[in-house]
Amino acid sequence: MIVIGVGVHKQSVAAVAVDEAGRMLEEKTVSVGREELLEWASALSVERLWAVEDCRRLTRWLERQLLAAGEELVRVPPTLMAPERRSGKGRGKSDAIDALAVARAALREPQLSRPRADEEPFRELKLLVDHRDGIVDERRRVHQRLRWYLHQLDPTFAVPLRMLARKSHLERVSRWLARQQQELQVTLARELVTRCRALDREIAELDRELERRTAAIAPALLELPGCGAITAAKLLAEIGPIGRFNNDAQLARHSGVAPLEASSGRIQRHRLDRGGNRQLNAALYRVAITQARMHAPARAYLERKRAEGKSRREAIRCLKRLLIRIVFNTLRASPALT
């Protein structure tokens, strides 16, 4: 059997075939959208595994093409490619070197994820979550520009921080601008207010859609204290089908909440994991911080960990590890996901 590592770019696709020992056999570069790779691979071996760099904004078309042809493929996270590039004899950076690193990483890691038939709802949910994040960022930039305009017009007219997202404060700004002399800067500021209102409506619509989809996929996740609809949607979008993980320990490692051993000699200790899916880790952190403020069992858990000698950061990490186990069991028990 051979493994074909693939690196996909906007205009081209580089593929390198290796044997079971990781020795390079052949390489091929084609334009995006062409089907030459299948013909080339068919001439190499009947038994083959495609290893595709996990960058789904670029590789979705290739995955569909390979699956339609009945090919087997795995997704290789980019973080697994760096050790292969460093250990290889070839120096430098090129598409072929990257494709070779993808193939060798697939040989080294037998438990890589594969495309699943039940991942489409999660992909759509991630598209919506990312789209909402982009609109929220755009609204923040509009707020910043509006604040500068207001300060230049009248430095004494104050708007509390982060309050432009509230309808009452935006209406107050709109009324104040309507009373000013309608010079160019005032006109531009009023256009920004109109833009803020439009973005607020769009974000509210996306929030309702995300809540609807989350309730349809995993309604029990919304019952987790401190986990609102947006955070639950983020968790589902980043985790994907829960069947990808055999147990909560794998999910904890994936999310970066499992501790890393940092012992030396007689000193036995663990440290925080800076790796893993940072978006998923951030969503768990929001749930943990919210529970630390308002959920009595979580506050008691944190106090118990502090009494054991852990710092607040280490105690929060322990709470996130407990939360990922709860999330795993919740999703496993969800009827819509079984």
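What percentage of the 338 residues in the protein chain is buried? Buried residues make up 42%, where buried means under 20% relative accessible area, with a 1.4 Å probe and protein chains only.

Before going on, note that this is a predicted model: local features need pLDDT of at least 70, side-chain atom pairs count only at pLDDT 80 or more, and totals for chains, interfaces and linings use all residues. Residues are numbered from 1 along each chain as its sequence is written, and side-chain values use heavy atoms, leaving out hydrogens and water.

Now the overall dimensions. Along its principal axes, the C-alpha trace of the protein chain spans about 75 × 55 × 45 Å. The radius of gyration is 25 Å, whereas a compact globule of 338 residues would have one near 20 Å. That radius is taken over C-alpha atoms, and the globule rule is 2.2 Å times the number of residues to the power 0.38.

The protein chain has twelve helices and seven strands. These are DSSP runs numbered from the N terminus: helices are H or I with at least four residues, strands are E with at least two.

On to the sheet. Five strands form an open sheet with mixed pairing, in the order S3-S2-S1-S4-S5. Two strands pair if DSSP finds at least two bridges between them. At the edges are strand S3 (24-31) and strand S5 (73-76), each pairing on one side only.

Strand S2 (residues 12-18) and S3 run antiparallel, joined by seven bridges. Alanine 14 has threonine 29 in S3 as its bridge partner.

Definitions and conventions. Buried < 20%, exposed > 50% of the residue type's maximum accessible area, 1.4 Å probe, protein only.
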